[in-house]
Amino acid sequence: MRVTLHEMRPVRMTPAHQTEGLAELVCSNTFKSVEPAHAHGLLKAEMRQLGSIVLEAADAARIPGGSALAVDRVVFSRCVQERVAGHPNITLVRGEVTALPSPAIIATGPLTSDALASAIASRLGAPSLAFYDAIAPIVSADSLDYARLFKMSRYGKGGGDDYWNAPFTKAEYEVFVAALIAGEQYVPGHDFDKVPYFEGCLPVEEMAQRGIETLRFGPMKPIGLVDRKTGREPYAVVQLRQEDRAAQMWNLVGFQTRLKTGAQQRIFRTIPGIENAEFLRYGSIHRNSYLNAPQALTPYLSALDDPHLLFAGQLTGVEGYTESAATGILAGINLARLLTGEEPVLPPATTMLGALYRYLRETEPGRFQPMNANFGLMEPLDNAPRDKFKKKEALAERALREMRVFAQQLAGIPA
């Protein structure tokens, strides 16, 4: 099968790029952990079973980094470029893509050009494409102290107890607001990452700077929430909303933020009941073009009206380099299958890659936001160990076992 690879950087590069090499990385530690008991390590182990050439290049460029897959960025880029340019069935074309061809895999990243973004929005529908992230942190259910929380929906709406609530006293609230104001924030290093704030989606620390009471009339509003332990409304609350069907992940409602990771850990762990929180996703606000995948794409990430027009990478709503590369593998497998008359395939949700795809297809479109690999996405174990590390080990063992079966099926090897 002959493939044409359009590399969308002619003479002018995007603001993020410094070289003309393929697969240019921003950071040598981009690929994160290699340990299977870490979500990114598990995803890489699954990618290896599927024959990832990105990880082969990373291995060739690896430099000391402890348990992280750190790479020499120049060597890594060269390895990928040599592999692509040297393949007899690949033609590399450098030029700007402004329309959607088919068959094709569209894998442009967060800095999608205006022309291509316009073509995507026109084809899939303008509401399907977002241009910035405003993401609140997500914490693991296993790490919450439920003795300090109470469950209730505001005014008893919905199911009556859809949210966990972290109550604050006046003194606790004032200390928390002061910490938010003093917290170290991420400062954009590029003009393209300077996101204009929208009044309906301000960073929590920006709201805190507008006055001591601002958060109490915003995301920390206690009105309509009665703590059954005290029989009255708290002075302020942080609400946690269920993020997945199995209630393994909980979102800090309204807490989108530009605080640095360390500041988020330190400050948000002062919230009552969240002192030992395991963060499955950190909050952020930054430039990021991405599709509303559950609204605009099929389960295997093709256009709804064209099975041969697939999407991959960060454009689909996955967050991170490893996640983007993983979706690229599956997109390539599925387009090849479709062009030879076979049905597309997806790994089971007991694998990390399958769990990511399930998130992309099953999340409520109105609440969809980009997501990184984390254990909270995966199908729960039937008899999960109580120890958190052993639980992750068991999830990883099951995932690798089932990904091995999936890879064998792709290769036509009997299970």
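Which residues of helix α4 (residues 114–124) are buried? Select the helix and colour L116, A117, A119, I120, A121 and L124, which are its buried residues (buried means under 20% relative accessible area, exposed over 50% and partly exposed in between, with a 1.4 Å probe and protein chains only; helices are DSSP runs of H or I of at least four residues, strands runs of E of at least two, numbered from the N terminus). Just after α4, G125 has a positive phi of about 105 degrees.

The model is predicted, so local features need pLDDT of at least 70 and side-chain atom pairs pLDDT 80 or more, while totals for chains, interfaces and linings use all residues. Residues are numbered from 1 along each chain as its sequence is written, and side-chain values use heavy atoms, without hydrogens and water.

Next, select E96, in the loop between β2 (90–94) and β3 (104–106). E96 is partly exposed, with a relative accessible area of 39%, and its side chain makes a polar contact with the side chain of S113 (3.3 Å) (a pair of N or O atoms within 3.5 Å, where within protein one must be able to donate a hydrogen and the other to accept it, and residues adjacent in sequence count only if both atoms are side-chain atoms).

Finally, select F76 and F311, the residues with the most contacts inside the largest nonpolar core, which has 69 residues (a core is a set of buried Ala, Val, Leu, Ile, Met, Phe, Trp, Tyr and Cys residues joined through side-chain atoms within 4.5 Å). Apart from that core lies another, of 32 residues, among them A141, Y173, I267 and F279.
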